[in-house]
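This report describes a protein chain through its pocket, its nonpolar cores and one of its helices. The sequence and structure are shown first.

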Amino acid sequence: MLEIIHLEIIQELDKQKSLTKAAETLCLSQSALSHTIKKLERQLGVALWVRDGRYLRLTQAGLYLLSLSSRILPQLNHAEMMIQQYAEGKAGNLRIGLECYPCYQWLLKVVSPYLEAWPNIDIDVKQKFKFGGLDALENYEIDLLVTPDPIFKEDLLFQPVFDYEQILVVGKNHPLKDKKYIQPTDLLNEILITYPVPADRLDIYSQFLIPAGIVPHQHKTIETTDIILQMVESHRGVTALPLWLVKENVKQFKIAPVRLGKHGISKHIHVGIRKKDQELPYIQSFIDQAMAVELY
């Protein structure tokens, strides 16, 4: 029975105190406005306004609708604005999946300027490191996947956003610290500390140890980067991390980087999205921001 135009009419009647002025503001004829109000009053079974000398005065029922309009109309206006922003790719919720433990440190550098540039975009980060990131992206559980190991599919698009070198990290006084690079056999007597990720997904295994048929003396897993580095600093083991992350922590921890093999292990972090989303401005802006971040 009630429509948005009815609430707008009530507001203008209260503001203008005149049927003629209210009609002009609403771009209606005076007769059309009067007819609309009378029709609504018949439907509601109650008068909404009365004449008080030269002016109009809202009845109690009219005042109730005025109070209602002051709450509802701003919300509807805001909703229209937000829907328009959604349509233009200026508002929404960007859900990011991470398949990379160290990438969280990198992500913080991207998120801060991104949120400043896109005040109507919220970010939700899902750090389910063992989840199927690819499936989550295809099934719309996330909108963007950060991964060092992209799997290219027809409906997905992976964009490399930065390159890095995976290196061995040892304590400052470790015997391996002065080597230009190490061989797989150098880890035979070492305790290797990694994130809790299957060995076949760890570069130090898949690209360095397994091809050489080498297994370290012991393999421990720890979830937190700071604790891993504290263990390495205390000579409780060695680890493999991106060089950029080591450079960011070298002042905090007594550690040293050593190249894995003569040519090192080169890696790329990719951002994966659905191809149909590549034209969304806030998606492309995130990728642009990710590519612009300086790691060290």
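## Largest pocket

The lining of the largest pocket comprises four nonpolar, five polar and three charged residues. The model is a predicted one, and the space within this pocket amounts to about 230 Å³.

Of the 12 lining residues, Tyr101, Tyr104, Gln105, Thr224 and Thr225 lie nearest the centre of the pocket. Helices H5, H8 (225-233) and H9 (243-249) each contribute at least two residues to the lining. The largest share, three residues, is supplied by H9.

## Nonpolar cores

The largest nonpolar core contains 44 residues, and Leu94, Trp106 and Val146 have the most contacts inside it. Two or more residues come from each of E3, H5, E5, E6, H8, H9, E12 and H10. H5 gives the most, with six residues.

Beyond its neighbours within four places in sequence, Trp106 contacts Val146, Val161, Phe162, Trp244, Val271, Ala290, Val293 and Leu295. Another core, of 19 residues, lies apart from the largest one and includes Ala22, Ala23, Leu40 and Leu68.

## Helix H10

Helix H10 covers residues 281-292.

The buried residues of H10 include Tyr282, Ile283, Ser285, Phe286, Ile287 and Ala290. Among the elements that cover the buried residues of H10 are helix H5 (103-117) and strands E3 (92-98), E4 (121-126), E5 (144-147), E6 (156-171) and E12 (265-274).

Technical notes: Residues are numbered from 1 along each chain as its sequence is written. This is a predicted model: local features need pLDDT of at least 70, side-chain atom pairs count only at pLDDT 80 or more; totals for chains, interfaces and linings use all residues. Side-chain values use heavy atoms; hydrogens and water are left out. Helices (H or I, at least four residues) and strands (E, at least two) are DSSP runs, numbered from the N terminus. The expected span of a helix is 1.5 Å times one less than its number of residues. Buried means under 20% relative accessible area, exposed over 50%, partly exposed in between (1.4 Å probe, protein chains only). Contact means heavy atoms within 4.5 Å. On a 1 Å grid over the protein atoms alone, a cavity is a set of points where a 1.4 Å probe fits but cannot get out, and a pocket is an open set with protein on both sides within 12 Å along at least five of seven lines; lining residues have an atom within 4 Å of a point. Grid points are joined across faces, edges and corners, and a volume is the space filled by probe spheres set on the points. Ala, Val, Leu, Ile, Met, Phe, Trp, Tyr, Cys and Pro count as nonpolar, Asp, Glu, Lys and Arg as charged, and the others, Gly among them, as polar. A nonpolar core is a set of buried Ala, Val, Leu, Ile, Met, Phe, Trp, Tyr and Cys residues joined through side-chain atoms within 4.5 Å.
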